Amino acid sequence: MTKPLEWQPLWDMMEANPTEWIPTTENMYWQMLGALPPAKMLGANFLVGEPERHNGKGEAVYACFTKFGDTYKARYLTLNEFMAEHGFMPARELR
């Protein structure tokens, strides 16, 4: 398992591995949650309040942090990717 990363080493690893969840620390999770109101939060999953950049489609790309059990991880996601990964479909949509 990869050692949990914080700050610049975390950002660099997230950039280099855009489809992977990168291990981070509980401290980093709470630092990012408290830095700004989240752009979106569902359970223990949140997008940091300001985007890191915009992708080629013009979509905002955020640092996303999540908690898997007692493990904390991060990766860059757009709002649509976040909702696809962490969102849910209301029952009325299933009819």
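In which strand is Thr-78 found? Select Thr-78 in the viewer, bearing in mind that this is a predicted model, and you will see that the residue belongs to strand E6. With a relative accessibility of 4%, Thr-78 counts as buried, because that value is under 20%. If you now display what surrounds Thr-78, leaving aside neighbours within four places in sequence, the residues in contact with Thr-78 are Asn-55, Glu-59, Ala-60 and Val-61.

Next, turn to helix H2, which spans residues 26–35, and colour Met-28, Tyr-29, Met-32 and Leu-33, which are buried. These residues cover an arc of only 130° around the axis, which means that they lie on the same side of H2.

Where they meet, select Trp-7, Leu-10 and Trp-11 on the H1 side, and Met-28, Gln-31 and Met-32 on the H2 side. The residues of this contact comprise five nonpolar and one polar, with no charged residue among them.

Stay with Trp-7 for a moment, whose place is in helix H1. At 38% relative accessibility, Trp-7 counts as partly exposed. For comparison, most residues other than glycine have a negative phi.

The last stop is Thr-25, which you will find in the loop between strand E1 (22–24) and helix H2 (26–35). Zoom in on the side chain of Thr-25, which reaches the backbone nitrogen of Met-28 at 3.0 Å; Met-28 is also one of the buried residues of H2 and one of the H2 residues that meet H1. Then show the residues that Thr-25 touches, not counting those up to four places away in sequence, and you will see Pro-4, Leu-5, Glu-6 and Tyr-72. Finally, draw a distance from the C-alpha atom of Thr-25 to that of Leu-10, which is 15 residues apart from Thr-25 along the chain, and the separation is 9.9 Å.

Methods. Residues numbered from 1 in each chain as written. Predicted model: local features only at pLDDT ≥ 70, side-chain atom pairs only at ≥ 80, totals over all residues. Heavy atoms only, no water. Helix = DSSP H or I, 4+ residues; strand = E, 2+ residues; numbered from the N terminus. Contact = heavy atoms within 4.5 Å. Polar contact = N/O pair within 3.5 Å; in protein donor to acceptor, adjacent residues only side chain to side chain. Nonpolar A, V, L, I, M, F, W, Y, C, P; charged D, E, K, R; others polar. Buried < 20%, exposed > 50% of the residue type's maximum accessible area, 1.4 Å probe, protein only. Arc of directions from axis to C-beta.
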